[in-house]
Every structure is written in structure tokens, then in C-alpha cells.
Amino acid sequence: MMKKLLIHACAVVIGTCAMARALESKPNIVLILADDLGYGSLGCYGNTTVKTPHIDRLAKDGMRFTDFHSNGAMCTPTRAALMTGRYQQRCAWVPDEELSLVFREQRRKNPVQRWAWGLSSQEITLPSVLCNAGYRTALIGKWHLGYDRKFHPMNYGFDEFRGFIGGNVDYHTHIAGYGMKELDWWHNREIRKEDGYSTDLLTKHACEFIKQNKTKPFFLYFSHAAPHYPWQSRDATSKLSSNEKYREMIAVLDESVGAVMESLREHRLDSKTLVLFCSDNGPQAPKGFAAHGSLTGKKGDMQEGGHRVPMIAHWLGVIPAQTTSDAVAMTMDFFPTFSRLAGVTLPQNHKIDGADLMPVFQRKQSFADRTLHWRHGDAWAVRQGSWKLMGQGSQAKTLVDFTNDPKETINHLREHPDRVSSLLKLHEQWVAEVGTR
């Protein structure tokens with residue numbers, strides 16, 4: 001018995017020492033962001049019709065979050081918060097000069113998508129912070145934070161860029177969507193034609209980046225197109241239904257995650273690398289595909305299906321395997337987490353809305369109660385503890401309690417007027433602080 005206890009004690013000490021060494025040096029950081037992937041679209045989140053063995057393994061070997069949220073219910077707002085660690089309402093670009101005709105035409109077509117017009121040049125961005133801390137930084141995939149060249153991702157701290165600027169592209173021709181009808185496929189600052197299926201090409205470039213930078217700290221923001229519309233399979237001539245194509249797109253996304261993890265293992269980087277996998281918002285899926293699982297709502301909604309998304313954290317030897325967390329976290333929490341790991345001290349007068357996730361990853365503590373906010377158009381939501389208030393304009397519409405109602409089916413608006421008043425006041429204070437952009 002004594003011998004067993006001694007062996008166990010030695011194992012704990014060795015594991016603790018390995019964790020300490022991993023935390024002492026600057027880790028590599030890989031953030032894999034799916035596009036429009038719903039909370040219920042993966043095997044490890046309960047889906048039984050889509051096979052996602054690689055993402056499921058990532059969850060098994062790491063920590064799966066059950067109450068993680070995108071900052072926005074649409075693509076671009078979430079990406080602005082990710083890049084800045086701040087509510088996206090703080091950092092939209094304000095028009096101040098003449099820009100290209102392409103940009104002006106895009107702004108005319110999307111007058112309310114201000115974040116898609118561009119990210120303010122005054123913002124301190126995640127890649128610039130990490131670059132200054134000695135990291136090699138790359139964006140592989142989707143940018144969607146400004147169509148004009150002045151908003152090119154390499155102007156915000158990325159050393160390398162392979163992918164597309166806009167909201168979506170054809171997976172085979174790489175022609176931009178949203179009526180732009182031009183090639184949107186970049187190698188750094190040049191548009192270059194490249195043959196192949198988007199998910200496969202981006203995966204190749206991501207793995208090449210890992211190989212080329214295996215001897216120094218790097219930040220890889222792997223921002224997938226899949227499974228965002230258009231729903232296309234690898235075979236451009238495929239006659240599969242939209243539902244079948246969508247299922248295949250998630251399966252290919254899963255293969256990509258497997259390839260990235262295999263690349264890290266091949267170069268013996270899995271114990272030196274924090275890997276996060278999540279989605280930028282809720283699903284926009286073909287009819288009949290239950291992409292949001294048991295949640296209510298979809299992309300663009302203030303209900304949970306619009307912004308509660310899968311999130312998995314993996315770091316061999318640091319994040320305990322086969323664990324789950326019910327911490328209420330958001331995309332903007334990545335910025336302070338990565339900054340801390342890189343040893344960066346931000347200016348004291350620079351407001352960061354996100355919180356460091358490392359104590360949660362290491363199961364040392366959860367977040368203290370905090371109030372979180374969402375807004376899309378005139379629709380909004382505010383969450384405090386298990387209570388969430390949703391409204392439109394100046395009117396509160398729905399109050400839900402997640403304690404016994406995860407599907408948001410019961411409206412407690414009339415039963416709890418004091419709580420409604422309190423949450424509404426918090427929402428109004430937040431709007432007064434961050435603005436409505």
C-alpha cells in the first residue's frame with residue numbers, strides 16, 4: 001500500500017513539475033474558429049448524425065465548455081471582440097476619409113454591418129500584442145473586419161495571411177460572396193489564385209505554418225470558412241442534398257482539426273501549445289438539421305442558439321483531460337488569456353472587457369459573477385448568473401432562468417419585476433458606456 005502511495009505521489013510531483021515548466025515558457029497558441037457552427041453540431045455536444053472523431057478526441061483530452069458564448073450572434077462582431085478583448089461596440093471604425101470604390105460599394109450594400117466596414121486603427125489588437133512579445137503570428141482563413149486594403153489583417157499585427165477578406169467565398173473558385181463576384185483569396189498582401197477546396201487548402205497552410213515555426217513561439221489564428229454558406233462538398237459536381245453537404249462540411253472541418261493536432265504531435269509541440277476550438281456564432285444550417293441541439297434560436301438571435309457555442313480547450317499536461325466547465329465565458333476572454341501567457345502588461349488606462357481563462361482551464365477557480373451583454377440591431381440580451389433578460393429597443397420582452405429552463409421556454413417577466421428592472425438598468429448603463437454601433 002505504501003509503495004502505491006509513493007508511486008502516486010511521485011506521479012503528482014512529476015505532473016506538477018511538467019505543468020510548471022510549460023507555464024514558465026511562452027506557449028504556442030492555436031485558435032481554431034469554425035464559422036456558423038452550432039452548439040449541437042458535434043458528437044461531443046450530443047450530435048448523433050455527424051461523425052466528429054477528431055474534435056471529440058480534443059474534448060476528451062481537454063476541457064469542454066457547456067456555457068461558452070460568442071460575443072455576437074453574427075460573424076464580424078465576434079471577430080472584433082476576439083481581436084481586441086473588448087465589446088465590439090467600442091471598436092468599430094468611424095468613417096474619416098475617402099476609401100476605395102470596392103469598399104464604398106460594399107458599405108452601400110451592408111449599411112448596418114459597421115464592424116464589417118473595418119476595425120478602428122486605434123485599437124490594441126491581439127496579434128500586435130503577441131507579435132511585440134516575440135510571437136510569429138498568422139491568420140489562416142477568414143478575416144471579415146474590413147474590405148478595404150487599409151483594413152488588411154497584416155496592418156493589425158499578423159506576420160502572415162493566407163485566406164480571404166470577406167464574409168464568405170465559394171469553396172472551389174474562391175470568388176467572394178455577397179454579390180462582390182471577384183477573387184478573394186490572398187497570400188499575404190497579394191490576391192492569388194489557388195486550386196482546391198477551401199477547407200483543405202487552409203488546413204495545408206496551417207500545418208505548413210506550424211512546421212516552419214516549430215522552434216519559436218507562434219500564434220496561429222485558424223479561422224475556417226466551414227460550415228458557413230454556400231454549402232458545398234469537396235466534389236464540385238456533387239448532387240448531394242444541402243443537408244448532406246452540410247454534414248460533409250462539418251466532417252471535413254473535423255479532419256482539419258485532426259490534421260492540426262497531428263502536426264503538433266509530429267513536431268512535439270502538443271505539450272507546448274494551448275489549442276482552443278470554438279465557433280463565431282450560432283448556426284445557419286439547412287432546414288431539418290438540428291445544428292443548435294436542444295437550444296432555441298439560431299444565428300442572429302438573442303436566444304441561446306444564436307450565441308451559445310461549442311468551445312474546447314486543450315493543453316497537454318496543463319489543462320486536465322476529460323473535464324467540463326460550466327463557466328460562463330465569451331470570445332473576448334481570449335485576449336487577456338493569451339496576453340497573460342505571453343507575459344504582456346497592457347496599459348492601465350486601456351479598458352479590457354474580457355477575463356483571463358487560465359484559472360478556469362486549470363480548475364483553480366471559476367469566474368466571479370459578472371454581467372454579460374449581447375446586441376444585434378435593436379435586439380439585445382443581458383445575463384447575470386442564471387438569469388437572462390432579452391429585449392428590443394427600450395423594451396424588455398423576455399426573462400428566463402437557466403436553472404431549470406435551458407431551452408428558454410418560460411417567460412418570468414411578470415413574476416419578477418424587480419429583477420427585470422435591475423437587469424434593464426444594467427443594460428441601459430452598458431449601452432451608455434459602449435454605444436450602439
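1. Start with helix α2, residues 53-60, where Ile55, Leu58 and Ala59 are buried. Buried here means under 20% relative accessible area, exposed means over 50%, and partly exposed is in between, using a 1.4 Å probe and protein chains only. Helices (H or I, at least four residues) and strands (E, at least two) are DSSP runs, numbered from the N terminus. As background, an α-helix has 3.6 residues a turn, so residues three or four places apart point the same way. What do the buried residues of α2 pack against? Their partners are β2 (63-65), α8, β9 (273-279) and β10, with contact meaning heavy atoms within 4.5 Å.

2. A word on what you're looking at. This is a predicted model, in which local features need pLDDT of at least 70 and side-chain atom pairs count only at pLDDT 80 or more, while totals for chains, interfaces and linings use all residues. Residues are numbered from 1 along each chain as its sequence is written, and side-chain values use heavy atoms, with hydrogens and water left out.

3. Now the cores. A nonpolar core is a set of buried Ala, Val, Leu, Ile, Met, Phe, Trp, Tyr and Cys residues joined through side-chain atoms within 4.5 Å. The largest one has 50 residues, and Phe219, Phe334, Phe338 and Phe361 have the most contacts inside it. Helix α10 (residues 334-341) gives the most to this core, with four residues. Apart from it lies another core, of 46 residues, including Leu201, Ala206, Phe289 and Ile312. In soluble globular proteins, nonpolar side chains tend to be buried together.

4. Leaving aside its neighbours within four places in sequence, Phe361 is in contact with Met63, Phe65, Leu274, Leu276, Met311, Ala313, Ile319, Pro320 and Thr337.

5. Back to helix α10 for Leu341, which is found there. Leu341 counts as buried because its relative accessibility is 10%. Leu341 and Asn28 are 313 residues apart in sequence, yet their C-alpha atoms are 9.3 Å apart in space.

6. Next, the aromatic rings. Rings of Phe, Tyr and Trp (its six-membered ring) pair if their centres lie within 6.5 Å; planes under 30 degrees apart count as stacked, over 60 as edge-to-face and the rest as tilted. By this rule the count comes to 17 aromatic pairs. Trp143 and Tyr156 have ring centres 5.7 Å apart and planes at 40°, so that pair is tilted. Both of these residues lie in the loop between β4 and β5, 13 residues apart, and both are buried. Phe164 and Trp185 make a stacked pair, 6.3 Å centre to centre with 10° between the planes. Phe164 is in strand β5 and Trp185 in the loop between β5 and β6 (186-187), 21 residues apart; both Phe164 and Trp185 are buried.

7. Which residues form one aromatic cluster? They are Phe65, Phe68, Trp143, Tyr156, Phe158, Phe219, Tyr221, Phe334, Phe338 and Phe361.

8. Two arginines also meet rings. A charge sits over a ring if NZ of Lys or CZ of Arg is within 6 Å of the ring centre and within 35 degrees of the ring normal. The charged end of Arg64 sits over the ring of Tyr45, 5.0 Å from its centre, and that of Arg308 sits over the ring of Phe402, 5.4 Å from its centre.

9. Some backbone spots to check. Most residues other than glycine have a negative phi, and most peptide bonds are trans. The Ala226 to Pro227 bond is cis, with omega near -5°, and the Tyr229 to Pro230 bond is cis too, with omega near 5°.

10. His144, in the loop between β4 (136-142) and β5 (160-164), has phi near 60°. Gln322, in the loop between β10 (311-314) and β11 (323-325), has phi near 55°. Are these residues buried or exposed? His144 is buried, with a relative accessible area of 3%, whereas Gln322 is exposed at 63%.
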